[in-house]
Amino acid sequence: MFRASTSEALPLLQTRRFSSILVQGSSDSEALEFLYKARTLQPMAPRLLIAEDLNEQEVREGINKAQVYRFMRWPLSEHEIWEQLELALQRHSMFLSRSLLLKESSHQNKQLEALTHSLEAMVEERTQYIEMSHHEESEKLNRERQLIRFIKDLATQTSFEDILAILRKELRKFHKMGDPILSFRLGGAKTFFLSFQSGHFTQTESASYFEFPKAAQVPSAELTRYFANHFGRPFIKAYVVPFELRLTSHLTSGQGEAILCIENSLNDKEMGPFVDFMSDRVRPLSMALDRVLLESQLSGFSYRWEKTFDGMRDPIAIVDIDYNVVRANRKFSDRFMHHKCYESFAHRQAACEGCPVPQAMKEGAPAAGQIQVDGRIYQVHSYPVLLDQSTRPTNVVNQYVDITQSRELYLRMLQSEKMGAIGMLAGHIAHELNNPLTGLRSLSQVLLQEADQGSNLHSDLVEIEKATARSQRIIKNLLDFSKGEDQPSEYISVDEVVERTLPMLKSALRTHRLEVDLETLGQTVFVEPHLLQQVVFNLINNACQAMKEAGRLSVRTRHDQGRIYLEIEDTGPGIPEDIRRRIFEPFFTTKKEGHGTGLGLSMSKSVIEKFGGTIEFRNVEPHGTCFVIVLPQRNAP
Amino acid sequence: MKILIVDDEALVRRSLSRALKGKGHDVVEAADGNEGLQLWQNSKPDLVFLDVLMPGRTGPEVLKEMREQSEAKVILMSAFAGEHNMETALQMGANLFVPKPFEDIFAVVKMAEDLER
């Protein structure tokens, strides 16, 4: 604490800091003057004034000018002074700290404000940027979306018309656009044009050649003229885009090329987006057109191949290693897919006997074999197909040549040759046998004359004579039987034919019991006897062979309503269900190779049918088979 | 009646011979064509049974020679019926054709006797 006069105090105020300034002045105006100065020097120190008398104006001045904190009226105790001073100091320090805080906070506020301001600017900038890029993005997205839709649309199209129509629709948004024209060549001299002429999709072709440009461009005047010439109308301005036909070129040994020509009247400013638009679409368009071209080419090829194969007389099938039919022509079967060849063609459950496929697969070389299908015989030629250059073939081409007829002819020829030879042989044997037989029979007849009737000798001679007579008949039958064709039909009873035939089968019948019940001696049929005899011979012979053990053979004839029935029944095992359908087929035989031609029953059937009859069979109980021949009864005129 | 039988089959000769002798005829037998011609020359038979197929000279050859000298009756016999018949036999100069084997030897003898009558 310093005590000083006002004049002394002024320099103190200039050099030292005080926490408060208390003035007791004799002259109030002088005191006020000092306080005013003190305020300027030390504004933060609260100023107090003790005055004896203060008028209102002085107080107002003191407050306004010197910012006097408190006025006190003299006299007052020291204690009061201290109290006031302390209070003032207290208030003053509060004020001080508050004003400091205020100052600080106002400063910080300012900084915050600046920060906010710059942030706002940044946000603004950012927003603008984002908005811009968003716009760009959406633009790009939109473009891509359109492109994707375009590609999607193209992918499902299968014709040039549809593809060009899609492009045509897309081009509409540019206005001032002509319809697209596709021009392509596939190796040949011809150039094809696909266009919409007065709204209709049209394909035209030209024999004149013009080199297609290799890059997208506004075409040369020459090319424009080329188009104008072809379409017979002026082309003012156009844009051409070459297409890459990779697949089709591959198929046509690198010869496929195409260009798209779009007429337009765009100005330079509009041209840019159009070129962008086109360059986006060149590849998908190329690919789609390539695909359609390839499909049309391939389907053309495969159509031609199919027709070629279908046109062939023989069944043909491509078969894999497991006998699955990969492809086949119509002759082979209408339903071959997902079937084995032996199922669809031969109606079997397993590979055919004689199938050459395994050999062809194994050796990788053509092989041939014979198979039987539904009574027909096929010579199967298996040609291995090497689709890839692996060492083993995975497919074979089977060609099925029906050799039934030629084989039948061949076997018939063999048969007739054989029969001819047998006929000749029989003739010779008959002659050789007939001479001694003539002697034997004649001699026994002479001796019979001499022998006493009723004697043993006589009855012995009767037996000898009968035996020779029977021998003669057999030989005669043999001769007739082997003579073959060229015998005229005659009216003969079936009974007689049976009786003529049975002696020839004595040896076959030896082990079996024969029951003969013939009741049609009075009725005749009109047949070639030796042929009917062959049929009877065949049936009885088969019946005997069917009976592995001793059995019973019944031969019965009867007539009923103008029909003659001949039944030949055995007690063999019967005919199994699975071959019943086939036994009348030529060459069907259950006998071992070389033991039967398989012609017996088929020939029998054709013979009987030739005479207007039928031949059928049925299984009989408990076991056995009965063949029934029915012939129309014909009486001699 | 003197009868010549020309046949290479002994049993045929024997049976015919027995049947003919039984009827009271004279019979000479020849086993082939040459012997037949010889006997024909020697014995001058009234009737000849001649087989067609024989070793050496065949029946038709023998018949041809006989016909140059004589009008004697000739019965041609054959077991090979397909080759000859009555018609061809008559053309060759035979008087009768009998196919072998005979159904009844006595019927043949009867026919021969009828021929001579």
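Q: How much space lies in the largest cavity?
A: This is a predicted model, in which local features need pLDDT of at least 70 and side-chain atom pairs count only at pLDDT 80 or more, while totals for chains, interfaces and linings use all residues. Residues are numbered from 1 along each chain as its sequence is written, chains are lettered from A and ligands numbered from 1 in the order in which they are written, and side-chain values use heavy atoms, leaving out hydrogens and water. A cavity is a set of points, on a 1 Å grid over the protein atoms alone, where a 1.4 Å probe fits but cannot get out, and a volume is the space filled by probe spheres set on the points, which are joined across faces, edges and corners. The structure holds one cavity of 30 Å³ or more, and the space in the largest cavity is about 80 Å³.

Q: How many nonpolar residues are in the lining of the largest cavity?
A: The lining (residues with an atom within 4 Å of a point) comprises 13 residues, of which C341(A), C352(A), C355(A), I371(A) and Y400(A) lie nearest the centre. Ala, Val, Leu, Ile, Met, Phe, Trp, Tyr, Cys and Pro count as nonpolar, Asp, Glu, Lys and Arg as charged, and the others, Gly among them, as polar. The lining of the largest cavity has one polar residue and no charged residues, and its nonpolar residues number 12.

Q: Is α4(A) roughly parallel or roughly antiparallel to α5(A)?
A: Axes are lines fitted to C-alpha atoms, for helices over the stretch in contact, with angles from 0 to 180 degrees between N-to-C directions; under 35 degrees counts as roughly parallel, over 145 as roughly antiparallel, 65 to 115 as roughly perpendicular and the rest as oblique. The axes of α4(A) and α5(A) (residues 160-171) are 9 Å apart, at an angle of about 160 degrees. α4(A) is therefore, relative to α5(A), roughly antiparallel.

Q: Is the crossing of α15(A) and α17(A) left-handed or right-handed?
A: The axes of α15(A) (residues 529-546) and α17(A) (residues 600-610) come within 9 Å and cross at roughly 140 degrees, which means that α15(A) is oblique to α17(A). A crossing is left-handed if the near helix is turned anticlockwise from the far one by less than a right angle, and right-handed if clockwise. The crossing of these two helices is left-handed.

Q: In which loop does P622(A) lie?
A: The peptide bond from E621(A) to P622(A) is cis, with omega near -5 degrees, whereas most peptide bonds are trans. P622(A) lies in the chain A loop between β19 (614-619) and β20 (625-632).

Notes:
Helix = DSSP H or I, 4+ residues; strand = E, 2+ residues; numbered from the N terminus. 1 Å grid on protein atoms, 1.4 Å probe; cavity = no way out; pocket = protein on both sides within 12 Å on 5 of 7 lines; lining within 4 Å.
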